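Please read these notes with the coordinates open.

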Amino acid sequence: MADFNQIVYVLMPVSLVGAVLNWSSFYSIRKLASFNHSFGVLSANQALADAMHSTVFLLYFCPMVLLDQPTMKHYSHICGYLLLLAYELSVLTHLAISLNRFISVWFPLFYERAFSVRKTKVFIIVLWMYNATSATVLYENFCHFYFDDKIGFLTFSNSDLCSFIGWYGDFLKNCFYVSIVICLDVLTVYGVRRLSKKLQSGMTDAALKKLSSRDRRFLKQTLIQGFVFMLELVTYFVVPTYFTNDWIVFFGTSFAWVTVHVADGLIVIICNPEIRNFLFGSKIKSFQTRGITIHLSSVVAVSSHPPQQRSLFSD
């Protein structure tokens, strides 16, 4: 169990950071009025899925391995189910966000009707129902994603059906989703460049007016997150094929699977100054206010000194 504990010592701080970043992002987006639109609602759902993944990993998987708890290992398939549920919900939300950006650039007039806040919330409810149903059928009824003591990590049950589900129901399905994300993002970038050329030529239209700096930040967030997820998916299934070193395989699979959700939360905070100001702005203002108060009190103290003491500075 020593090697397994070393792995957990690496994954525990990563999952802790992921939980803090994503719960902070989720709370900020829910509180900020500037995110009361379709993209904001989708981003909140994205942060929630990532927060669930990091939290389950932190509060169930890590204690289970560190404590070598047999009861938790017996029910580890529930942990695996929740992790896959959160992961696939995150991937599907990525797809919805990419579609959101694609339509906002190419069909701005239709975007207002298709992606209202109310319709987006209904879509998210449907997304949760679909994902929960498919995950329950695949990963609870037909197959288990459980902790295996031999490898020290979660894996699918050893059967032909589970091999089929792991390959087609997990890997190829998520590859398909992420491939669509990449295609939509490429087309969206092309649309942005097309609009930029119109701007340079002095042309204006409804789509061009919609392309604000905030829209560009949202697009940047979508592109980076899509790239990170694609990279994680490729390394998870490619690295074990070409490498045999345990630590290389670990960082290319288990570590990448946990870290991708940390990266999601970090990207959201980096790409959105409103969230950074909400989380850290009050502390900065408080610090600045204290600095001003000290400075003013120093001025008052100097002004109360006798004239001959002030003359020392003037000389």
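1. Cys143 counts as buried, because its relative accessibility is 3%. Buried means under 20% relative accessible area, exposed over 50%, and partly exposed in between, using a 1.4 Å probe and protein chains only. Cys162 is also buried, at 2%. Cys175 counts as buried at 19%. Cys183 is partly exposed, with 49%.

2. A caveat on the source: this is a predicted model, where local features need pLDDT of at least 70, side-chain atom pairs count only at pLDDT 80 or more, and totals for chains, interfaces and linings use all residues. Residues are numbered from 1 along each chain as its sequence is written, and side-chain values use heavy atoms, with hydrogens and water left out.

3. The structure holds one disulfide, a term that here means a pair of cysteine sulfur atoms within 2.5 Å. Cys143 and Cys162 form the disulfide, with their sulfur atoms 2.1 Å apart. Their link is right-handed, with 130° about the S-S bond. The pair links distant parts of the chain, 19 residues apart. Cys143 sits in the loop between helix H6 (117–142) and S1, while Cys162 belongs to helix H7 (residues 160–200).

4. The protein has 13 helices and two strands. Helices (H or I, at least four residues) and strands (E, at least two) are DSSP runs, numbered from the N terminus. Strand S1 covers residues 145–148 and strand S2 residues 153–156. The two run antiparallel and are joined by four bridges; strands pair if DSSP finds at least two bridges between them. Phe145 has Phe156 in S2 as its bridge partner. Four residues lie between the strands of this hairpin, and Gly152 takes a positive phi near 75°.

5. Which residues are closest to the centre of the largest pocket? The pocket holds about 840 Å³ of space. Ile151, Phe153, Tyr236, Thr253 and Ser254 are closest to its centre, out of 35 lining residues. On a 1 Å grid over the protein atoms alone, a pocket is an open set of points with protein on both sides within 12 Å along at least five of seven lines; a cavity is a set where a 1.4 Å probe fits but cannot get out; lining residues have an atom within 4 Å of a point. Grid points are joined across faces, edges and corners, and a volume is the space filled by probe spheres set on the points.

6. H7 gives the most to the lining of the largest pocket, with seven residues. The lining divides into 20 nonpolar, 10 polar and five charged residues. Ala, Val, Leu, Ile, Met, Phe, Trp, Tyr, Cys and Pro count as nonpolar; Asp, Glu, Lys and Arg as charged; the others, Gly among them, as polar.

7. The count comes to one cavity of 30 Å³ or more. The largest cavity has a volume of about 40 Å³. Val91, His94, Val178, Val181, Gln225, Gly226 and Phe229 line it. H9 has the largest share, three residues. The lining of the largest cavity has four nonpolar, three polar and no charged residues.

8. Of the 315 residues of the protein, 45% count as buried. Among contacts with a separation of 6 or more, 78% involve residues 24 or more positions apart. Contact means heavy atoms within 4.5 Å.
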